[in-house]
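Please read it alongside the sequence and the coordinates.

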Amino acid sequence: MEYRKLPKGTEQISVIGLGNSSLGDTSEAEKTIELAIENGINYFDMAAGDAAPFPAYGAVTAGCRDKVYFQVHFGADYRTGKYGWTLKLDEIKRSVDWQLKALQTDYIDFGFLHCIDELSDLETAEREGTLDHLRRLKKDGTVRHIGLSTHTPIVAQKVLDMGLIDMLMFSINPAYDYQSGGEFAIGSLDERAELYRRCESEGVGISVMKPFSGGQLLDAKTSPFRQALTEYQCIQYALDKPGVLTVLPGVRNREDLKRLLGFLDASAEEKDYSVIGSFAPPEASGVCVYCNHCQPCPAGLDIGLINKYYDLSLAGDALARDHYQNLAKKASDCVSCGHCDSRCPFHVAQSQRMQEIAAYFA
């Protein structure tokens, strides 16, 4: 397993986490959770499809609670056995109490404002006192980190303005980033990219939901691009975005999980998602997405990483310049051979951009 550090904390989070919207019955759920932990997965999102996974997690993690991180949602209600959504603070409190008992724990690693997709929802959460309640729980140690779950960039930006969160749960996949409109494809390509960069620059981690667009991207018949991508391509696409710490695909059973764990040993070719350059919209042309399809560089440059540090520095990330300066090969080492220009699926003039980046960091 690979791990990424939470910027505002000490937690080392597995790059593959687990979503629970489709986990099966309790017996299979326990075996799936055990397999996940055995393979180094330590981050679990508890926005489940129903109440079934909670006691399974409680039973499995009772002896290793300090080795796993639960992302618990303030606004998801499972007391009836089914999923429900609420903005009422008294109902949220009762639901969270139920979740804690089912999980057999007395603290929450990541307490999330759940599914705040409208600014009016955020206003309600403020008016109900949910934000203040989360602040109090963090102060007394019941909640270690506060997070937000949303599909809407403008809502995420508003909460970032508040300086409230350490983690953002956001939907990242090629369909949502490049699709115009749709239930969850909210915000333009530029708006979404700006959000990822801001999270990175301000030390807010991103946990990724819906990496496969609800499975649509895995089938040419349902993909908005009329071309199927693989699970590994979608996972790598999300992990390459600034700020992303972990991807949280949903699984139904152990077989699903075993297949996803194959990502860790997959070849670079199996993870290569540069094919999206052939069906991305015109406005995506000329924009580096850090896919590194331009590799190998004859001069040894990590072109994707150089571009990422440049974009982050432009977005105000003070650390990006230091990260860039520590690279073994910098943009100034480019020999303008044109190899990357000919291979870029997004038609980025990388050799020209290397000159631009070299001048900027000089």
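**Cavities, cysteines and salt bridges**

The largest cavity holds about 90 Å³ of space. The elements that contribute two or more residues to its lining are α14 (339–343) and α15 (350–361). The model is predicted, and a search of the whole structure finds zero disulfides.

**Cavities**

- The count of cavities of 30 Å³ or more comes to three.
- In the largest cavity, 14 residues form the lining, and Cys297, Ile303, Cys334, Cys337 and Cys340 lie nearest its centre.
- By class, that lining of the largest cavity comprises ten nonpolar, four polar and no charged residues.
- The second largest cavity contains about 80 Å³ of space.
- A set of 14 residues lines the second largest cavity, with Cys288, Cys291, Asn292, Cys344 and Gln350 nearest its centre.
- The lining of the second largest cavity divides into ten nonpolar, four polar and no charged residues.

**Cysteines**

- A disulfide is a covalent bond between the sulfur atoms of two cysteines.
- Cys337 takes part in no disulfide, and the nearest cysteine sulfur, that of Cys297, is 6.1 Å away; the cut-off for a disulfide is 2.5 Å.
- Cys337 is partly exposed, at a relative accessible area of 48%.
- Cys64 is buried, and its relative accessible area is 15%.

**Salt bridges**

- The salt bridges number 15.
- Lys67 and Asp66 are joined through their side chains by a salt bridge, at 3.9 Å from N to O.
- Lys67 is exposed, with 56% relative accessible area, and Asp66 is likewise exposed, at 58%.
- Arg198 pairs with Asp161 in a salt bridge whose closest N and O atoms are 2.8 Å apart.
- This pair links distant parts of the chain, as Arg198 belongs to helix α8 (residues 189–201) and Asp161 to helix α6 (residues 153–162), 37 residues apart.
- Arg198 is buried, with a relative accessible area of 17%, whereas Asp161 is exposed, at 56%.
- The side chains of Glu231 and Arg259 form a salt bridge of 2.8 Å, N to O.
- That pair also links distant parts of the chain: Glu231 lies in helix α9 (residues 231–239) and Arg259 in helix α10 (residues 254–261), 28 residues apart.
- Glu231 is buried, at 13% relative accessible area, while Arg259 is partly exposed, at 38%.
- Through shared partners, salt bridges join Glu231, Arg252, Asp256 and Arg259 into one network.

Key. Residues numbered from 1 in each chain as written. Predicted model: local features only at pLDDT ≥ 70, side-chain atom pairs only at ≥ 80, totals over all residues. Heavy atoms only, no water. 1 Å grid on protein atoms, 1.4 Å probe; cavity = no way out; pocket = protein on both sides within 12 Å on 5 of 7 lines; lining within 4 Å. Points joined across faces, edges and corners; volume = space filled by probe spheres on them. Helix = DSSP H or I, 4+ residues; strand = E, 2+ residues; numbered from the N terminus. Nonpolar A, V, L, I, M, F, W, Y, C, P; charged D, E, K, R; others polar. Buried < 20%, exposed > 50% of the residue type's maximum accessible area, 1.4 Å probe, protein only. Salt bridge = Lys/Arg side-chain N within 4 Å of Asp/Glu carboxyl O.
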